[in-house]
Amino acid sequence: MKPLGGPQRVHLMDELRGALILYVVIYHLLYDLAVLFPVGIPWMFSPWMNRCRDILTGGLILISGISCNYSRNNLRRGLRTFALGLGLTVATGLIMPGQLIIFGILHFFGAMMMLYGLCQPALERIPAPVGAVGCGGLFFLTWPVYGGYLMLFGQRIYLPDFLYRQPLLFPLGFSCPGIFSADYYPLMPWGFLFLAGAFLGRYVKAGVLPELCYRRHLPVLGWLGRHTMAIYLIHQPVIFGVLTLLFAAGA
């Protein structure tokens, strides 16, 4: 979620990221109202809402993969992001154990940044079109892995049960009895979308996008897009605190 840099700033990318972080804030406001406070939102976890969440969060993941092409040190950036994720695990465990986050979006971003940093020399040998298409295919193949199978050409390929009894495999996407994460973005399938973005990012960095991508359109969204990490870290405590005060005052 680091702002894009380089000789040609892709302002449209910043603005898209700004719009997506706004969605995150709104989603978590609705989530808190539906789960933590006595407000009924019957459509909050409906299939269409879940699909909307996946598409918009997928946009953030794709952009984060693109951004790897602009980072001077993805390994260091990943370590810092993963450490923030661990801090979130500790905070939720102490304050809201019922909403414990074991492997959420920050853990995911940190792990993928580190993985990309470690594998970058090998990944750079793969042609961008091959890498992007291949990772896109693997994303759809592994999309249902949490449910116990892969999907290949419309056919289910069921995975061995023992994979779903190993707590250490939970970050990979294998569900495990007794383990739950309130925010959960495993490496499969989302890691392949991240890597697809990293391959596509070569074209973005090369400056071959249409000229409109390099112009400012909505500066406010651009500013939000350049500060997504700070917004992500502070928005949930602010929302929770404000709602707590409002409901206490109305009690």
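Leaving aside neighbours within four places in sequence, Met-44 is in contact with Tyr-27, Leu-30, Tyr-31, Ala-34, Met-49 and Asn-50, where contact means heavy atoms within 4.5 Å. Met-44 lies in the loop between H1 and helix H2 (47-67); helices (H or I, at least four residues) and strands (E, at least two) are DSSP runs, numbered from the N terminus. The relative accessible area of Met-44 is 0%, so this residue is buried; buried means under 20% relative accessible area, exposed over 50%, and partly exposed in between, with a 1.4 Å probe and protein chains only. Met-44 and Tyr-31 are 13 residues apart along the chain, and their C-alpha atoms are separated by 7.3 Å.

The model is a predicted one, in which local features need pLDDT of at least 70 and side-chain atom pairs count only at pLDDT 80 or more, whereas totals for chains, interfaces and linings use all residues. Residues are numbered from 1 along each chain as its sequence is written, and side-chain values use heavy atoms, with hydrogens and water left out.

**Overall architecture**

The chain has eight helices and two strands, and from the N terminus on its elements run α-α-α-α-α-β-β-α-α-α. The radius of gyration is 19 Å, close to the 18 Å that the globule rule gives for 251 residues, so the chain is as compact as a globular protein of that length. This radius is taken over C-alpha atoms, and the globule rule is 2.2 Å times the number of residues to the power 0.38. Along its principal axes, the C-alpha trace spans about 60 × 50 × 35 Å.

Of the 251 residues in the chain, 44% are buried. Among contacts between residues at least 6 apart in sequence, 71% join residues at least 24 apart. The chain exposes about 13200 Å², of which carbon and sulfur atoms supply 72%; accessible areas come from the Shrake-Rupley method with a 1.4 Å probe, and for residues only the protein chains shown count as cover. The mean positions of the 17 positive and 8 negative charges are 8 Å apart. Lys and Arg count as positive and Asp and Glu as negative, while His and the chain ends are not counted; the place of a charge is taken as NZ of Lys, CZ of Arg, CG of Asp or CD of Glu.

His-28 counts as buried at 15% relative accessibility, and Asp-32 is buried with a relative accessible area of 0%. Not counting residues up to four places away in sequence, His-28 touches Tyr-232, His-235 and Gln-236. With the same exclusion, Asp-32 is in contact with Phe-37, Gln-236, Ile-239, Phe-240 and Leu-243. The C-alpha separations for two pairs involving these residues are given below.

| Pair | Separation in sequence | C-alpha to C-alpha distance |
|---|---|---|
| His-28 and Ile-239 | 211 residues | 8.1 Å |
| Asp-32 and Leu-243 | 211 residues | 8.5 Å |

The side chain of His-28 makes a polar contact with the side chain of His-235 at 2.6 Å. A polar contact is a pair of N or O atoms within 3.5 Å; within protein, one must be able to donate a hydrogen and the other to accept it, and residues adjacent in sequence count only if both atoms are side-chain atoms.

Asp-54 lies in helix H2 and is buried, with a relative accessible area of 14%. Its side chain makes a polar contact with the side chain of Arg-53 (3.4 Å). Beyond residues up to four places away in sequence, Asp-54 touches Trp-143 and Trp-190.

Ser-181 is in the loop between strand S2 (155-158) and helix H6 (187-205), and it is buried at a relative accessible area of 7%. A polar atom of the Ser-181 side chain lies 3.2 Å from the backbone nitrogen of Phe-103, and a polar atom of that side chain lies 2.5 Å from the backbone oxygen of Asp-183.

**Backbone geometry**

Most residues other than glycine have a negative phi, and most peptide bonds are trans. Phe-153 has a positive phi of about 50° although it is not a glycine. Phe-153 is found in the loop between strand S1 (149-152) and S2, and is exposed, with a relative accessible area of 79%. The peptide bond from Met-188 to Pro-189 is cis, with omega near 10°, and Pro-189 lies in helix H6.
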